[in-house]
Amino acid sequence: MERSRMNIRPLEDGIHRDLGDRLTYDGYLRLDRILNAQEPLSDPPHHDEMLFLIQHQTSELWFKLIIHELTAAMRFLADDNTGPALKNLARVKHVQKQLFEQWSVLSTLTPTEYVQFRNVLGQASGFQSVQYRLVEFLLGNKNRDLLAVFRRHPQQHDLLRDALEARSLYDEFLALLERRGHAIPASQLQRDFSQPYQASAEVVQALHAIYAEPGEHWTEYELAERLVDVEESFQLWRFRHMKTVERIIGYKHGTGGSSGVGFLKQALDLTFFPELWQVRTEIGGEQSCPFGHG
């Protein structure tokens, strides 16, 4: 049979075969570390513990990228460089989609399968994820009490403390609005950033003016919508997390000591950018719902 008709693709002459001591794919990606980081603790190793490990390890990698993009966006906003900040926030939204979709993979784990290796987790819990907590602090969900969870890891503790006491993404957004002439009150700009953000009627009014004339304030308008994208995606992730936990363990307590599903449901009431949601009620006044449901 002629080679061209065989079910094979011949290697092109230019493809490197003798790599010697050159940088290779696995060397650049440090696959020796990544692919050997899955060490099941169940004995003998339970088949589904590999799924559980990879699910959470890949989530941490995506959190690392979100932190990378959010900190860059905050730096760009502080420098009034809004174009790159918009790109960062758009990328965060797509990363969040990856995190959201991952729950469908973990949802293939049944309660019967999980209970066979859950005991090896001890008190280990996603609640102890320093990167997840850092994402929440960067987005503005500040809570000093959470620092106690990381007390035995000084580097993690100090990282979170610094983020707790610094401006959040929303604080940088409001500061940029004020520099561009929008009526953001000083009380929102000169507050104790370690405290939870409290909504302001004056900020709602300032945002209303932006939404009323988007052509006049297009950059601010676009930034506001990108922030809404990020919060909406985060809330969808929270909801999917809660439903996945409910599906796998029901209403048992979490391994970290929380009430489990009940504790996760409470997070759905937390908001990062409250005035960006409140202003939607103000836009259009008392007009009826455009979708015919209200």
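**Core, helices and loops**

Modeller: This is a predicted model. Its largest nonpolar core holds 66 residues, and L169 and Y170 touch the most other members. Helix α11 (residues 218–249) gives the most to this core, with 11 residues.

Colleague: What does Y170 touch, leaving out residues up to four places away in sequence?

Modeller: Y170 touches Y197, V203, L207, L227, F272, F273, P274, E275 and L276.

Colleague: P274 and E275 are in that list. Which helix are they in, and which of its residues are buried?

Modeller: They belong to helix α13 (residues 274–282), where P274, E275, L276 and V279 are the buried residues. The cover over those buried residues includes α8, α9 (186–189), α10 (201–212) and α11. Just after α13, G284 takes a positive phi of about 85°.

Colleague: Stepping back, how many helices and strands are there?

Modeller: The protein has 13 helices and 0 strands.

Colleague: What are the spans along the principal axes?

Modeller: The C-alpha trace spans about 70 × 55 × 50 Å. Of the 294 residues, 38% are buried. Among contacts with a separation of 6 or more, 69% are between residues 24 or more positions apart.

Colleague: Which residues of α4 are buried?

Modeller: T82, A85, N88, L89, V92, V95, Q96, L99, Q102, W103 and L106. An α-helix has 3.6 residues a turn, so residues three or four places apart point the same way. The buried residues of α4 pack against α3 (49–78), α8 (169–179) and α11.

Colleague: There is a glutamine there, Q102. Why does Q102 count as buried?

Modeller: Because its relative accessible area is 12%, and buried means under 20%.

Colleague: What is Q102 in contact with, leaving aside neighbours within four places in sequence?

Modeller: Q102 is in contact with Q55, T58, S59 and W62.

Colleague: New topic, backbone. Where is the cis peptide bond?

Modeller: The bond from D43 to P44 is cis, with omega near 0°. P44 lies in the loop between α2 (31–34) and α3.

Colleague: What about phi of R30?

Modeller: Phi of R30 is near 55°, a positive value in a residue other than glycine. R30 is in the loop between α1 (25–29) and α2. With 35% relative accessibility, R30 counts as partly exposed.

Colleague: And D80, where is that?

Modeller: D80 is in the loop between α3 and α4. Its phi is positive, about 60°, although D80 is not a glycine. D80 counts as partly exposed, at 37% relative accessibility.

Colleague: Which residues is R179 in contact with, neighbours within four places in sequence aside?

Modeller: L77, A78 and D80.

Colleague: Last one, H217. Where does H217 lie?

Modeller: H217 lies in the loop between α10 and α11. H217 is partly exposed, with a relative accessible area of 22%. Leaving aside neighbours within four places in sequence, H217 is in contact with H182, A209 and I210.

Colleague: How far apart are H217 and Q128?

Modeller: In space, C-alpha to C-alpha, H217 and Q128 are 41 Å apart; in sequence they are 89 residues apart.

Terms used:
Residues are numbered from 1 along each chain as its sequence is written. This is a predicted model: local features need pLDDT of at least 70, side-chain atom pairs count only at pLDDT 80 or more; totals for chains, interfaces and linings use all residues. Side-chain values use heavy atoms; hydrogens and water are left out. A nonpolar core is a set of buried Ala, Val, Leu, Ile, Met, Phe, Trp, Tyr and Cys residues joined through side-chain atoms within 4.5 Å. Buried means under 20% relative accessible area, exposed over 50%, partly exposed in between (1.4 Å probe, protein chains only). Helices (H or I, at least four residues) and strands (E, at least two) are DSSP runs, numbered from the N terminus. Contact means heavy atoms within 4.5 Å.
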